[in-house]
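Please look over the sequence and the structure below before reading on.

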Amino acid sequence: MRLTCPLCGDRDRREFYYYGAEDYLHRPAEGAPLAEWDNYLHLRDNPAGVLRDLWYHEAGCAQWLLVTRNTVTHEILGTELVAERKA
Amino acid sequence: MRIDGKGLIDRTKPVRFRFDGKDYAGYKGDTLASALLANDVRLVGRSFKYHRPRGVLTAGSEEPNALVEVVGPSNQTPNVRATMQEVFEGLVAQSQNRLGSLRFDLLAVNDYLSPFLSAGFYYKTFMWPRAFWEGLYEPIIRRAAGLGSLSGKHDEGTYEKAFAFCDVLVIGSGPSGLIAALTAGRAGADVILCEESHALGGRLLSAGGTIGGVPAGEWVAQVVAELQALPNVRIMPRTTVTGAYDHGTYGALERVGLHKPARPNLPRECFWRIVAKHAVLASGALERPVAFENNDRPGIMMASAVRTYLNRYGVVPGKRVTLFANTDAARATARELMAAGVTVAAIIDPRPDASGVEECPVHVGAEVVGSRGRLGLSGIQVRKGSEVFEIETDCLAMSGGWNPTIHLTCHMNGRPRWDEDLAAFVPMEGAVQGLLAVGAANGSMSTHGALATGHAAAMKAVEALGRKVSVAVPEAEDMPYRLKALWAVEGKGRAWLDFANDVTTKDVKLAAQEGYRSVEHMKRYTTQGMAPDQGKNSNVAALAVLADATGRGIPETGVTTFRPPYVPVSIAAMGAGGRGEGFAPQRFLTSDQASRDRHAPMIEAGLWYRPSYFPKPGEATWREACDREVTMVRQAVGIADVSTLGKIDIQGKDAGRFLDFVYTNTFSTLPVGRVRYGLMLREDGLVLDDGTSARLGENHYLMTTTTAAAGLVMRHLDFVHQAFCADWQVRFISVTESWAQFAVAGPKARALVNSFLESPVELPFMGVAPVRIGGVDGRLFRISFSGEEGYEIAVPTRYGEALFRDLVARAETMGGGPYGMEALNVLRIEKGFITHAEIHGRISAYDIGMEKMVSAKKDCIGKAAATRPGLWGPEREQLVGLKTHAPISSGAHLFVPGTEVHRETDQGYVTSVGWSPTVGAWLGLGFLKDGRARIGEKVRLVDHLRGLDVICEVCHPVFHDPEGEKLRA
Amino acid sequence: MPELIAKSALEGRSVTLGNVTLAEVAVGPITSLAVFPAGGKAVAKGLKVLGLAMPEPGTFAEKKGARIVWTGREQAFLMGVDAPPLEGAALTDQTDGWAVLSVSGAGMADVLARWVPVDLRLAAFPVGRVMRTQLNHMNVVILRIGDHAVEIMVFRSMARTAWHEIETAMHMVAARAGVKI
């Protein structure tokens, strides 16, 4: 498996650390009800198809990446820096 | 038998080798199989289950029979295919899977027991009586099972792994592969051409014919010479591409040194990870056997293999050859044998409309129905209509048609397509992104078809790369491929499908009869295709037999899943470089040599090597040294290298704000020149790490992490920063490696520190100041992990060794000295300081009594989740101290005295222990249900593993100087 | 007063096998420049004194013994000279954090291909480019300083392992080429 780091270019999967779903970027506001935190921390979709998740270029530039990929075809549809993400 | 004037072997270079204790001669260019056949050795192995005598079947990596052990100086490699092993001077090989000699294998009795050993026999036979399994059946089966054996010694051989990148990867160097490589190579693309064999040319080395008007061999030589001259083409012979993976990644196994005597540093094998923008699969096709009664005798071979041995090695495997084949193309084998002066006794062609005109007898519309010859073929039975007759022969060349070698196209879960005309599976286009199958691998069986499709695929890649080239496709044979599918000949006896695993047509029919109708179930019930050849010779025929037995078509029956690797890959090659020193990086302290000079045993702490203790003359055990070092720190002064702690330099106007966000407590209010202990949570509310952070300037902090979590904390900080506050004025970088840092601890620490500073400083407890030592800028912290008055002195790493040696020398003049990890651990247990033994990932701030450190005034990572029900309260196991007078262990569990010891009555567990010379007792830290309310109670400590059962007193975790008077002195 | 003697990680060792030379090299001071948000202009001004600018991702530049190397998003290492006074960036001394190994010679790429999972072909990784990647299990910064030469920055504490790995690969590559050692 290969990922294209927006800064470092095309790299082998071994350089990356996998964290989890994009959901981790949407941290509830301070004081949000516990149910919202439960959802943020634990509840995940498991789509057969397009998924966005977080990868850390640990052996490279130390940037967190938001990767859009297809879990069925394994196609990587896009990578962007978490620090410079659009949405 | 060797034939004069034939073959590509170098007859000027004879090679001596040994097989089963006997010396033989071959030539450079021979494989072990060709050299043995040249020496008329037909019997080379025994089959897996029935121990049937077996000979060479093929001339390639798909060989199921001729599996041997190659014996090296420090290793014995089992299941080496004699058809792939090149002979070299001094090669030693032996047959395997036998009890006694190869000719008189005692386990051949299994063959007579075959009525009891049919598919699934072990599920049925060994079920009763139950008690017999462990004592009787299992040991016998274990001794009889398995193919080949190892030396039992450590393999001292060198193995290698490597990475390669290219524009176009060409897999196979037959006509389609060569023209593909030539086309891409001439276009200037970076090409890697992998060929499984030691010589390039593929089937062109075995077959005659012409290409572009010149003999095929000449054409191969011309193309190879041109490829070798192109700097952008890398030719990798002896390299099998073993798997196709995501995004253009391919695995490949190169046999680097297996064809020569072992040499130091010369890798035996190299496992390549090749990344290619485009790939051309020119892997050819595998000829398939026909199942008939006793079709497994030595001397019965694939027709194409007989042709290969003749043309490539100048070897004829018999004196009276017969051919049993269902295609026109296979007739070439008989014709070439006759041209070389070998007697062809007969051609048996099952097609009723086949030509009967050859220079030998031809039996059209006939089938081979049986064979005879105990250790080698001596005759076959042929049936034509209702008539059965015998033909005397010592070599039967058989062909049931060809299966395209489609394996790589199926590695990404692609399913192949059944082609009715070829009676074979062909690749589904696009099954592997960027890979195109060409030539016979894609069902184009003629040489012309191979050249045309190979060229076309390469042109596609060239265009996609934005390059241009014009290569003419040379003229070549374009015979139509005419066959009548023939999988198994009707008959009563055992007819083999999978030679390696002894699976017969009967087994497959039995499986179907017993309800194993799915091809995946049949495979597992019969073990069809589960031998080292992974069914390359037999899977398609087996599923054809299954389809027939279940009344379905082949496409409907389907194929089993093709998985990598295509050929067996040694674990040593895949894991090359990961042994010994290569297993993980070793991190060394600047004090490393000084510690070793003092005979300190080094222990691993993560990747670091740290001194365990510093033995003195007369000390017999580590405990004596440890006790002395603890007392030394408590009464005088000790020096320890603490450089392994993670150090992160944090700067910017928002640095304090950032620390407030990642720590539970507040750092923005910390005065410059002061240090504060901080607790860090994960977002799920459990403790991530702890440590001290110092404020070096208005916008400048230095965070320390534990040794264990340094990398983890960095990753966490990067995430929090990039995900939630990328726009803040804060920047941080690891400086762990930039500073060597030493703890100076004990009542005499202050005197020692002031003895080497250029100007002495008065630091309050938890203070930090810049200092100068011998002209070098350093930092002095007044912090303590021992409970004594303590300092940590940091200098740039290059001065670390010098400072450590100096500090130790000074300490020794004051009754002190260095202390190691054992003493450091006892000191911190006495003081109740936690490490990752305690904060192991399931611990909340509440559990360690630090819930008040979670500031109510601000948000921080983990704050919300830390208030979850279940993370606090009396049902939680809470940090306590344990005291007793008998040895105890970490990992032990705690129970109420007098209760039974089992899972339900478990009250907690122990995380750290040590003998405290200060308290004069065994001390422990651990977690006990509602522990803080139980101080003073007795608990029972049980460790089944070490046989401990001890009553302990529950204590406050701080045993030494609970008021902290020594720290603040 | 203690006399503190400076020591490099590998004390300037070097070895040649076949056509590849491995050596520890001294590169002088190393300072990390991490540009704060909106700090770019001030940093550009500060670097002008040296005739340098913040490098593009994956590149480095040299001028009169000073080298500036991209090492991450909004981050670079200034090497070979002391950092000039600079606004707009966090400056952190990294001099002691790294060991720098030079690998040079015709077989350089063959040797590194044993450990580095990145395309080292000159077209993909030309002179003047830098990358952060792995050398077996170690994180490294690799600078392409010549067609057949790189400098590899590795954490100082791991220098001995890095040396061991590269030397092992040099032995294997030399043995493949038939070099007698």
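What percentage of the residues of chain B count as buried?

## Chain B overall

Of the 969 residues in chain B, 54% count as buried. The model is a predicted one, and every value in this report is computed from it.

Chain B contains 23 helices and 50 strands. Along the principal axes, its C-alpha atoms fill a box of roughly 110 × 75 × 55 Å. Among contacts in chain B with a separation of 6 or more, 66% are between residues 24 or more positions apart.

## The largest nonpolar core

The largest nonpolar core has 361 residues. The residues with the most contacts inside this core are B:Val168, B:Val280, B:Leu281, B:Leu323, B:Val744 and C:Val154. Helix 3 of chain C (residues 159-176) supplies the largest share of the core, with 10 residues.

B:Leu281 can be looked at individually. Apart from neighbours within four places in sequence, B:Leu281 is in contact with B:Ile171, B:Leu408, B:Thr409, B:Leu435, B:Leu436, B:Ala437, B:Val438 and B:Ala441.

## The two domains of chain C

The domain assignment divides chain C into domain 1, covering 14-27 + 95-176, and domain 2, covering 32-93. Taken over C-alpha atoms, the centres of domain 1 of chain C and domain 2 of chain C are separated by 24 Å. Nine residues from domain 1 of chain C and nine residues from domain 2 of chain C take part in the contact between them.

On the side of domain 1 of chain C that touches domain 2 of chain C, the elements giving two or more residues are strand 9 and strand 10 (138-146) of chain C. Strand 9 of chain C gives the most to this side, with three residues. By class, this side of domain 1 of chain C has five nonpolar, two polar and two charged residues.

## Where chain C meets chain A

How many residues does each chain bring to the contact between chain C and chain A? Chain C brings 11 residues and chain A brings 13 residues.

Strand 9 of chain C (residues 130-135) provides four residues, the largest share of the side of chain C that touches chain A. By class, that side of chain C has four nonpolar, five polar and two charged residues.

Key:
Residues numbered from 1 in each chain as written. Chains lettered and ligands numbered in written order. Predicted model: local features only at pLDDT ≥ 70, side-chain atom pairs only at ≥ 80, totals over all residues. Contact = placed C-beta atoms within 7 Å. Nonpolar A, V, L, I, M, F, W, Y, C, P; charged D, E, K, R; others polar. Domains from an automatic or database assignment. Core = buried A, V, L, I, M, F, W, Y, C linked by C-beta atoms within 7 Å. Buried ≥ 20, exposed ≤ 12 C-beta atoms within 10 Å, placed from the backbone.
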